[in-house]
Amino acid sequence: MTETTTPDVGRGASITVDRLVKSFGDQRAVNEVSMDLPAGALLVLLGPSGCGKTTTLRMIAGLEDPSGGRIRFGDKTMADGDSGAAVPAEKRGIGMVFQSYALWPHMTVRANVEWPLKVAGWGTAERRRRSAEVLGMLGIDHLAERYPGQLSGGQQQRVAIARTVAPRPQVLLFDEPLSNLDARLRVDTRAELVEVHRRSGATSVYVTHDQIEALAMATHIAVLKEGRLEQFGTPDELLENPQTAFVAEFLGSPAAVLIEGTVASGELMHEGIALAAAVPLPDGETLSAMYRPEAISLAEQDGTGVDITVLESTPSAGRFVVTVRRGAKRIAVVSETRYPVGARLRLVLPEEPAALFDAEGRRWDHLA
Ligand SMILES: Nc1ncnc2c1ncn2[C@@H]1O[C@H](COP(=O)(O)OP(=O)(O)O)[C@@H](O)[C@H]1O
Ligand SMILES: [Mg+2]
């Protein structure tokens with residue numbers, strides 16, 4: 001990356017999503033999603049396949065009309081699902097990068113990048129200056145005179161990103177742009193995308209199902225599940241203070257561990273082990289106790305702890321991530337010891353859990 005690039009900082013718009021709904025027939029693909037994203041943020045829409053990420057992104061882009069709720073950029077309404085009013089996609093000042101990068105095969109890299117500028121009426125000299133700038137930003141200025149067919153997949157994706165960033169959009173949208181790249185290239189490219197986001201000054205929305213990618217890139221994360229927003233916040237907020245059992249088990253490497261217990265005489269019990277004391281609920285109610293990965297450990301069979309079986313041990317920075325099975329559940333624990341597959345051990349838990357969740361997976365806080 002060259003240092004001559006002029007940063008376009010401060011161009012981004014804040015994005016407000018207010019009770020956004022999208023229905024397909026009687027299915028709600030997006031169900032009452034609300035969030036306030038500050039200008040210049042990089043929001044990751046995160047969740048399993050089919051949870052409504054792409055549909056949310058397409059409504060922000062203007063490629064899909066909401067069935068209800070509103071989207072605003074700054075104080076300008078882009079779409080109102082109740083009145084049906086919508087600013088067309090091409091008037092929203094957005095740039096979008098997809099998983100498949102449709103470059104013009106008969107145009108050079110430079111011509112591909114200059115094309116949207118030409119369409120927008122930029123002069124020749126201005127176009128040339130800007131294309132050199134963004135190609136430099138993505139480290140592909142030496143490829144300017146090549147044709148897409150002469151480039152690798154990773155290089156083509158960079159050209160697609162350069163072309164998107166070139167017209168200085170106020171909002172950048174990405175839908176799983178790294179999915180077609182191999183593991184190593186994904187890691188390198190995501191760091192560059194964060195840099196592109198930062199230097200563009202745009203507000204970005206980035207869709208992925210990969211929580212590691214989300215934690216690496218995001219200033220803000222919105223976790224979606226079945227069209228509903230589970231939680232919106234900074235990566236630290238979601239890791240430190242998950243509001244749902246789903247978020248607790250979805251995020252983190254390793255993620256937090258949830259153990260289900262049943263209330264008996266004011267204690268939350270799991271197979272003879274007290275998970276939490278002073279639980280003011282009737283006997284027989286169930287809660288899940290959450291433990292942070294750094295608070296749990298593995299021990300040999302004797303002593304108190306939850307019985308588990310080792311599935312695998314993966315070396316990690318001088319230690320091991322040991323994946324164990326507890327009934328149908330898989331749990332990852334960081335350990336100093338490499339345990340053999342099939343070893344029967346105990347999961348040692350701290351005296352008190354970090355959080356409790358009710359049977360519906362919502363945070364349950366008896367002190368609040
Ligand atoms: N054009 C459409 N017509 C009908 N159903 C759709 C359409 N687009 C998406 N869906 C449905 O909406 C849900 C959310 O889809 P999508 O937003 O693509 O999820 P994600 O990107 O998180 O994988 C899915 O159940 C999907 O099948
Ligand atoms: Mg999708």
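Predicted model: local features only at pLDDT ≥ 70, side-chain atom pairs only at ≥ 80, totals over all residues.
**How α2 meets α4**
- Two packed helices are described by the angle between their axes and the distance between the axes.
- Helix α2 covers residues 109–119, and helix α4 covers residues 153–165.
- Their axes lie 7 Å apart, at an angle of about 30 degrees.
- That angle falls under the 35-degree cut-off, so α2 and α4 are roughly parallel to each other.
- The crossing of α2 past α4 is right-handed.
- From α2, the contact uses Val 109, Asn 112, Val 113 and Pro 116.
- From α4, Val 159, Ala 162 and Arg 163 meet them.
- By class, this contact of α2 with α4 has five nonpolar residues, one polar and one charged.

- Which residues of α2 are buried? They are Val 109, Arg 110, Asn 112, Val 113, Glu 114 and Leu 117.
- These buried residues pack against α4 and also against α3 (124–137).
- After α2 comes Gly 121, with a positive phi near 90 degrees.

**Around ligand 1**
- The residues around ligand 1 are Phe 24, Ala 29, Gly 47, Ser 49, Gly 50, Cys 51, Gly 52, Lys 53, Thr 54 and Thr 55.
- Which helix gives the most to this shell? Helix α1 (residues 53–61) does, with three residues.
- The shell divides into six polar residues, three nonpolar and one charged.

Note on methods: Residues numbered from 1 in each chain as written. Chains lettered and ligands numbered in written order. Axes fitted to C-alpha atoms, helices over the stretch in contact; angles between N-to-C directions. Helix = DSSP H or I, 4+ residues; strand = E, 2+ residues; numbered from the N terminus. Parallel < 35°, antiparallel > 145°, perpendicular 65-115°, else oblique. Left-handed = near helix turned anticlockwise from the far one by under 90°. Contact = placed C-beta atoms within 7 Å. Nonpolar A, V, L, I, M, F, W, Y, C, P; charged D, E, K, R; others polar. Near = placed C-beta within 6 Å. Buried ≥ 20, exposed ≤ 12 C-beta atoms within 10 Å, placed from the backbone.
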